[in-house]
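Look at the sequence and the model together before reading on.

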Amino acid sequence: MIALTNVTKQYGAQILFVDASFQLNPGERVGLVGPNGAGKTTVFRLMNGEEAPDEGAVARAKHLTVGYFRQDVGDLRGRSVLAETVAGAGEVADLGAELHGLEARMSDPEADLEKVLERYGEVQARFQEMGGYDLEARAQAILAGLGLSAEQIPGDVGRLSGGWKMRVALARILLARPDALLLDEPTNYLDLESILWLEGFLRGYPGAVLMTCHDRDVMNRVVSRIVEIDGGQITSYSGDYDFYERARATEATRREAEYARQQSMLQKEARFIERFKAQAAKAAQVQSRVKKLDKIEKVEAPRRIVEKSFDFRAPARSGDEAIKIAGLRKAYGARVIHDGLDLVIRRGERWAVMGENGAGKTTLLKLIAGTVAPDAGSATLGANVTLGYFAQHQMEQLDPTRTVLEELMAHTRTLGIGVLRNAGGAFGFHGDDMDKPIPVLSGGELARVALLKILFDGPNVLVLDEPTNHLDLATKRALMRALDGYEGTLIFVSHDRAFLRGLATRVLELGGDGPRVYGGPYDEYVASSGHEAPGMRVA
């Protein structure tokens, strides 16, 4: 279908691939993994024909259609959400546009009506064959699956936020039904309901799928093969993401043992040569061993994945009632978000707040953090509570005039530059990364800076709004490990099921029927409620 054969690719001094090969076959679903900068996006561009290899070849099947979803969707504007989605449907959208044009020409007295009708019949037959007459219905179903409301769909796409435009761009590609879907982080900006809908859509998709994704549950449920890019090599593993991790760990252990055995043998031979090289009686043996060592194919030292590691400072003890919410009400105009909410969060509890878009999850966290005032009622912090708040939109908390290091220095004040740089290294900011200006940071980098600031504070209550957004799997694992050992109280919103499963001990579900409390972890919530998310949408 699409095959990379003996491909070498580099940018300046950075070598991405060396004699690497990989093939995407019809109907298979493949996860693409590798560290940042390994070349995952380059693979997409090579397969999409946007770039050419320095050496080797990229072969695509004849008449192959490819849909490529990327994080940079451009500036969508000038059409309704529905029209923008339908416009991306490829040939069938073009045929629809031509049909409309032909219909207009039928009323033109100067047109050759016979030729217009003949062409109309040809186009209409092809349009019907390709399912053109249900195109808008399919578009609306996909948009609804991705979380767009009935009010948003007829509106101007240009009025949507960047995250909603990403959903429209994804809907365009899914509607087109290409032979091969190339998806670069399609779950970014999606809520849990939309992620679950997309899972179902991709599992039933008849074409091939190649995707990067920082959600391990999606990878486990959708893909049946993992392709890893690392150190210039492309390696394939048959299985889901969990299988890949186990297989990679087993292979790493084997390589470590093989390398250690050879190093032990080489050291033993080297000691023999050094000891007896001056003795004439041993000259033949020494020469024999020297020749033997020259012929041995050296085992390279295994590449080791360095897992990020950080810990929240042990917090001071708070009172038993960490947060008390009483009669809380908040409305925006005529839209009531919370109306008489009562809840007590006790020391050491870990609450996951769940609900569909618009249910008030972020608003509740802002009310608790004190960044938004209630219309009535209260959200009161308990005795000796120090609160750390991670906002969903990190630019709200960071100074755009500063660099990463300056932001941390201004926040901590008393800590030395060496301490800050070491902490930054644990969060993936190495060397010159600490001197990056805040406005040029990626979403994941912004999140890491905000988490660093909270880490230095050592609060005993953490309020986290989508802390895993834009984080890669390695950083997510490190954050989960740190929070697992955190001794304070935790209230969070997340669309990552591994995060929910690993940390929540209580679940608060917000919805139209009012708040519901589940007094157990996320898996018990799923079993009790019968769903993984409050507003499940069918693919």
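**From the whole chain to single residues**

Of the 539 residues in the chain, 47% are buried. The model is a predicted one. Its secondary structure amounts to 17 helices and 18 strands. The C-alpha trace spans about 110 × 75 × 45 Å along its principal axes. Contacts can also be sorted by separation in sequence: among those between residues at least 6 apart, 68% join residues at least 24 apart.

Now turn to a pair of helices. At what angle do the axes of helix α12 and helix α13 cross? Helix α12 covers residues 404-412 and helix α13 covers residues 417-426; their axes come within 10 Å and cross at roughly 120 degrees. Angles from 65 to 115 degrees count as roughly perpendicular and those over 145 as roughly antiparallel, so α12 is oblique to α13. The crossing of α12 past α13 is right-handed. On the α12 side, the contact is made by Leu-405, Leu-408, Met-409 and Thr-412. On the α13 side, Ile-417, Leu-420 and Arg-421 take part. Sorted by type, the residues of this contact are five nonpolar, one polar and one charged.

Aromatic rings are the next topic. How many aromatic pairs does a search of the whole structure find? The search finds ten. Tyr-237 has a relative accessible area of 13%, and Tyr-244 has one of 7%. Residues under 20% count as buried, so Tyr-237 is buried, and so is Tyr-244.

Tyr-244 also pairs with Tyr-241. Here the centres are 5.4 Å apart and the planes are at 55 degrees, a tilted arrangement. Both Tyr-241 and Tyr-244 lie in helix α9, which runs over residues 241-276. They are three residues apart, about one turn of the helix. Tyr-241, like Tyr-244, is buried. Elsewhere, ring pairs link Trp-197, Phe-201 and Tyr-205 into a cluster.

Backbone angles come next. Most residues other than glycine have a negative phi. Asn-6 lies in strand β1, residues 2-11. With a relative accessible area of 38%, Asn-6 is partly exposed. Glu-466 also has a positive phi, near 50 degrees, and is a residue other than glycine. Glu-466 is found in the loop between β15 (461-465) and α15 (473-484). Is Glu-466 buried or exposed? Its relative accessible area is 11%, so Glu-466 is buried.

Asp-217 has its place in helix α8, residues 216-222. Its relative accessible area is 8%, so Asp-217 is buried. Which residues is Asp-217 in contact with, leaving aside its neighbours within four places in sequence? They are Glu-199, Arg-497, Ala-498 and Arg-501.

Note on methods:
Residues numbered from 1 in each chain as written. Predicted model: local features only at pLDDT ≥ 70, side-chain atom pairs only at ≥ 80, totals over all residues. Heavy atoms only, no water. Axes fitted to C-alpha atoms, helices over the stretch in contact; angles between N-to-C directions. Helix = DSSP H or I, 4+ residues; strand = E, 2+ residues; numbered from the N terminus. Parallel < 35°, antiparallel > 145°, perpendicular 65-115°, else oblique. Left-handed = near helix turned anticlockwise from the far one by under 90°. Contact = heavy atoms within 4.5 Å. Nonpolar A, V, L, I, M, F, W, Y, C, P; charged D, E, K, R; others polar. Phe/Tyr/Trp six-rings, centres within 6.5 Å; stacked < 30°, edge-to-face > 60°. Buried < 20%, exposed > 50% of the residue type's maximum accessible area, 1.4 Å probe, protein only.
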